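This briefing covers strand pairing and salt bridges in one protein model. Please have the sequence and the structure open while reading.

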Amino acid sequence: MQPSAAKQKVIVLDFGAQYGQLIARRVRDLHVYSEIMPCDASAAEIAAEQPSAIILSGGPASVYADDAPKIDPAVLELGVPVLGFCYGHQIMAVTLGGEVAHSEVGEYGPAKLYVDEDAEAGHASALFAGTPAEQTVWMSHRDAVSRAPEGFVVTSHTDVCPVASMECPEKRLYSTQFHPEVRHSVYGNQMLSNFLFNVCGLEKNWTMEGLVESKVAEIREKVGDHRVILALSGGVDSSVVAALCSRAIGKQLTCVFVNHGLLRKNEPEQVEEVFTRQFDVDFIHVHAEERYAKLLDGVTEPEAKRRIIGTQFWEEFFAVAKQLEEDGRPVQYLAQGTIYPDIIESGARKTGGKASTIKSHHNLIPFPDGVSFDLIEPLDHFFKDEVRELGLALGLPEHIVYRQPFPGPGLAIRIIGAVSPEKLEILKNADAIVREELDAYNARLFEETGERNSEHSCWQYFAVLPDIKSVGVMGDERTYARPIILRAVESSDAMTADWAKIPYDVLTRVSSRIVAEVPGVNRVAYDITSKPPATIEWE
Ligand code: XMP
């Protein structure tokens with residue numbers, strides 16, 4: 001990566017936007033590095049990041065509400081170009097002395113935008129360069145800026161919104177009521193590009209290869225000559241972190257694979273094989289199966305399972321760290337493959353705590369008493385598909401890069417109700433059939449389309465064992481046995497998902513094989529719910 005590229009960084013201040021994470025993503029897609037910070041970060045904290053530009057996201061609050069998130073006014077005085085969207089537009093207006101009014105008519109969805117020419121300058125805003133005078137943008141607001149701050153010009157309006165965008169070019173402050181980050185704003189990407197390259201003068205120089213180099217340098221600098229243990233599950237996220245750390249610090253890294261007994265059929269053997277034969281890393285396989293079985297005995301509540309499993313992970317890693325210390329190899333850091341959606345769904349540990357907890361991801365469970373690590377989480381700003389690209393840039397084998405996601409708490413959250421050895425055996429066997437058949441289906445689609453994640457290919461697929469039994473008939477005998485639920489989704493980042501439109505013949509084969517080959521199962525059902533309103537996993 002060019003040195004200048006390493007320094008270019010766009011900070012997105014997150015005001016709790018529903019699609020806030022998309023903004024950073026869109027900036028990265030334009031080959032400029034971008035990260036999210038909580039909206040209450042101080043100007044000093046933001047300045048310390050040396051941003052090349054700042055984007056203020058939207059957010060659900062009304063700027064005049066008591067608990068409305070504020071911005072440190074000094075952020076707008078840093079001399080760094082700022083672009084605000086929606087709530088970001090309104091907060092910029094009120095912070096600088098403009099006004100926001102509650103309008104009778106809200107604007108939700110597509111709206112016709114009229115770009116206003118600056119009478120003095122004789123041309124439209126730099127933000128709208130290369131876009132038509134009338135265009136469709138995506139709106140989602142009730143309150144609206146009614147008066148722009150002094151020194152600002154209004155650069156566009158809609159039928160109900162008098163200040164749809166405004167700017168103070170001398171101070172390089174720009175804002176829009178609409179959402180350029182959403183694809184439905186037809187010229188949104190052009191506006192973002194105008195801001196980054198014309199207003200801020202940035203260069204398109206962020207690439208995956210560049211990211212590898214800057215992450216490796218970052219890890220090397222942080223770790224120095226200390227030792228790091230890595231929480232390795234064998235999935236794509238932790239494998240990418242393993243490859244990054246191994247490149248950065250070589251033998252100062254020890255990969256720790258905690259086998260909680262809740263992995264898929266043959267998985268522990270495969271992980272050990274890959275990381276001892278294909279990677280030149282220190283590898284420890286911790287057999288924690290019995291400890292987990294005891295801890296989970298009789299536990300039925302999903303969040304309780306997640307808490308127990310996540311807490312025990314920390315205990316296991318801590319025990320390994322203590323052992324290494326006794327062997328004269330003290331550990332300073334724990335690295336793990338946390339990605340951005342994990343943080344969002346676990347309640348936004350690093351995004352200012354504005355999002356609500358959907359599920360506690362295993363790697364975001366708080367440390368138990370007496371356990372503490374300094375964490376290294378190089379992927380915590382990225383989405384799964386970006387992590388996969390990073391894996392390819394690091395030269396990881398495709399069978400690792402394209403592994404489907406598997407949750408840290410493993411099969412425990414796919415067995416509804418209490419976990420038992422008998423249920424685990426049923427689920428492992430049924431799941432192996434699901435994966436075999438849908439791997440083959442995906443491979444056929446890949447052959448036909450040349451695309452890995454083509455329309456209708458399954459992004460994640462697995463079996464779920466519910467806590468019920470039903471009546472069936474097999475060989476003229478009545479059965480009273482368990483059903484298996486097939487869950488298969490199309491997605492790109494797990495934030496949203498749709499059920500996969502698998503052809504009937506494939507579904508038939510999955511069903512008949514499971515019922516014929518897995519003792520204790522007499523029925524297969526297919527989950528046809530999208531996310532939202534459901535989630536991908538059942539617990
Ligand atoms: P949900 O069920 O929330 O899952 O739609 C979204 C994605 O996250 C995976 N998942 C996890 N991954 N630790 C993980 O590493 C976890 O605790 C966890 N819980 C869910 C899930 O498999 C899906 O891909």
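The points below go from the basis of the model to its strands and then to its salt bridges.

The model is predicted, so local features need pLDDT of at least 70 and side-chain atom pairs count only at pLDDT 80 or more, while totals for chains, interfaces and linings use all residues. Residues are numbered from 1 along each chain as its sequence is written, and side-chain values use heavy atoms, with hydrogens and water left out.

**Strand pairing**

- Helices (H or I, at least four residues) and strands (E, at least two) are DSSP runs, numbered from the N terminus.
- Two strands count as paired if DSSP finds at least two bridges between them.
- Strand β7 (residues 153–157) pairs with strand β5 (residues 99–115) in the antiparallel sense, over 2 bridges.
- In that pairing, V115 is opposite S156 of β7.
- Strand β8 (residues 165–168) also pairs with β7 in the antiparallel sense, over 3 bridges.
- Here V154 is opposite M166 of β8.

**Salt bridge within a helix**

- A salt bridge is a side-chain nitrogen of Lys or Arg within 4 Å of a carboxyl oxygen of Asp or Glu, and the structure holds 27 of them.
- One of these joins the side chains of R25 and D29, at 3.4 Å from N to O.
- Both residues belong to helix α2 (residues 20–29) and are 4 residues apart, about one turn of the helix.
- Buried means under 20% relative accessible area, exposed means over 50%, and partly exposed is in between (1.4 Å probe, protein chains only).
- R25 is buried at 14% relative accessibility, whereas D29 is partly exposed at 37%.
- A network of salt bridges links R25, R28, D29, D385 and E386.

- R452 and E398 form a salt bridge in which the closest N and O atoms are 2.5 Å apart.
- R452 is in the loop between α14 (421–449) and β15 (460–464) and E398 is in helix α13 (residues 398–401), so this pair ties together parts that are 54 residues apart in sequence.
- R452 is partly exposed at 34% relative accessibility, and E398 is partly exposed at 43%.
- K423 and D467 form a salt bridge with the closest N and O atoms 3.6 Å apart.
- This pair links distant parts of the chain, 44 residues apart, with K423 in helix α14 and D467 in the loop between β15 and β16 (470–474).
- K423 is buried at 9% relative accessibility, whereas D467 is partly exposed at 45%.
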